[in-house]
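Please open the structure in your viewer and keep the selection panel at hand.

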Amino acid sequence: MNDDLLPEPLEHFLQTPPSLPAAEEMREAIFDRTCRLVPQRLWRRGMYIVAGLAAAVALAVGAYVISGLGKGESPSKPDMVERKKEPEEKQKPPPLADQKKPPAAAKPAHPLDLEWTAFDAADDRQKVRLYFQAGDLYLDQHKDYESAARCYQQALHFSEAREREIRVSDNWLVMALKRDYGKEY
Amino acid sequence: MQTSGQGDAEAALRDAVLSGDQVAWRRLYDGAFATLWAYVVWRCAGNRHLAEEIAQETWLIAVRRMRAFDPRRSRLQAWLRGIAAKVLQNHFRSVRRRGELARPGMEATQASVDERSLQTELIARSLADIPERHEAVLRAKYLDLLSVAQIAADWGETPKSIESLLTRARHSFRSAYENRAQDTLTSNESTT
């Protein structure tokens, strides 16, 4: 491999790789931050499961009560079936209607999926769109302010100056982050 | 190479972490920290401040994205290195965008005062510019200190093809470095 020596800084870098001991405080600080995310996920998933079970039990009890009442009175089953469909329909509306939608490609349903698609995206324009959309979903559907702020900040990092100007259509969190961004950079 | 024992152990840790087991996370973190840190320091060409930032971001992403880690496809270290490389690439892209918009050439002017920090940044950016496979073979040879024969065995290739790949990797590293140095020089000239 010596037939083609590199410029001195590169050869030195390769032959003598930099080595730094990791500061113990930094190591523990990172662990603490990441560790907090482990139970958080479990807690959230548990909440979703409990909420789902509660809804299922409520529906079952409601259906039982109504069917019990119905047997004693005139038959009204068609009405009952129609009403049971309502909760499903409420889940259908698309997440957000604004200009930050990704191109025609299939949309991941969860903001976490959108966030990772943005993280991996090679194109900055696409990154910005996806990070904004993930932030909107975290904020509006999950009330997860920390994750929303993280996504919005990433979007601002990769956006152009004109996109960082505060707009009337921005939500409160984007406005606040844009204002801070302007002070910081 | 991945052994089924290592894969099984990592799969078990991953599942435990996903079920909220903080002790499993501690084991996984402690087991992988030193190797990942050495890699990040190398990728940052020894810039401690940058290495700490990239290491932290990598671990935060890893814990949030743990469900995506598939021990049947790659080892934990390879998966973490992939995240770190992407974090670093994104970092340089966003810094460049912010730097250009804030004050063109400012980074270069400051760096020219400190030749060593300029070299460090040039090397780190050059490593981020070269193809992933070139970076991987340079890492295997110069950071992990593997012989050509070992790399060939690990990658399922012939020593000759690895020799050839190393030559190409060194060339692309040099080209990336010279391009970056030229950009910096141009940037400095435009500000003076």
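The stops that follow concern pairs of helices and a pocket.

This is a predicted model, in which local features need pLDDT of at least 70 and side-chain atom pairs count only at pLDDT 80 or more, while totals for chains, interfaces and linings use all residues. Residues are numbered from 1 along each chain as its sequence is written, chains are lettered from A in the order in which they are written, and side-chain values use heavy atoms, without hydrogens and water.

**First stop: H5 and H6 of chain A**

Select residues 111-120 of chain A, which form helix H5, and residues 124-140 of chain A, which form helix H6. Helices are DSSP runs (H or I, at least four residues), numbered from the N terminus. The axes of H5(A) and H6(A) lie 8 Å apart, at an angle of about 160 degrees; axes are lines fitted to C-alpha atoms over the stretch in contact, and angles run from 0 to 180 degrees between N-to-C directions. H5(A) is therefore roughly antiparallel to H6(A) (the term applies to angles over 145 degrees). Residues in contact, meaning heavy atoms within 4.5 Å, include Leu114(A) and Phe119(A) of H5(A) and Leu130(A) and Tyr138(A) of H6(A).

**Second stop: H7 of chain A**

Among the residues in contact are Phe132(A) of H6(A) and Cys151(A) of H7(A).

Now select residues 22-43 and 132-143 of chain B, helices H2 and H7. Their axes come within 12 Å and cross at roughly 110 degrees, so H2(B) is roughly perpendicular to H7(B) (65 to 115 degrees). Ala38(B), Tyr39(B), Trp42(B) and Arg43(B) of H2(B) meet Glu135(B), Leu138(B), Arg139(B) and Leu143(B) of H7(B).

**Last stop: the second largest pocket**

Which residues lie nearest the centre of the second largest pocket? Select Ala78(B), Arg81(B), Glu132(B), Ala136(B) and Arg139(B), from a lining of 36 residues. On a 1 Å grid over the protein atoms alone, a pocket is an open set of points where a 1.4 Å probe fits, with protein on both sides within 12 Å along at least five of seven lines; lining residues have an atom within 4 Å of a point. H4(B) supplies the largest share of the lining, 9 residues. H5(A), H2(B) and H7(B) each supply at least two residues.

Terms used. Parallel < 35°, antiparallel > 145°, perpendicular 65-115°, else oblique.
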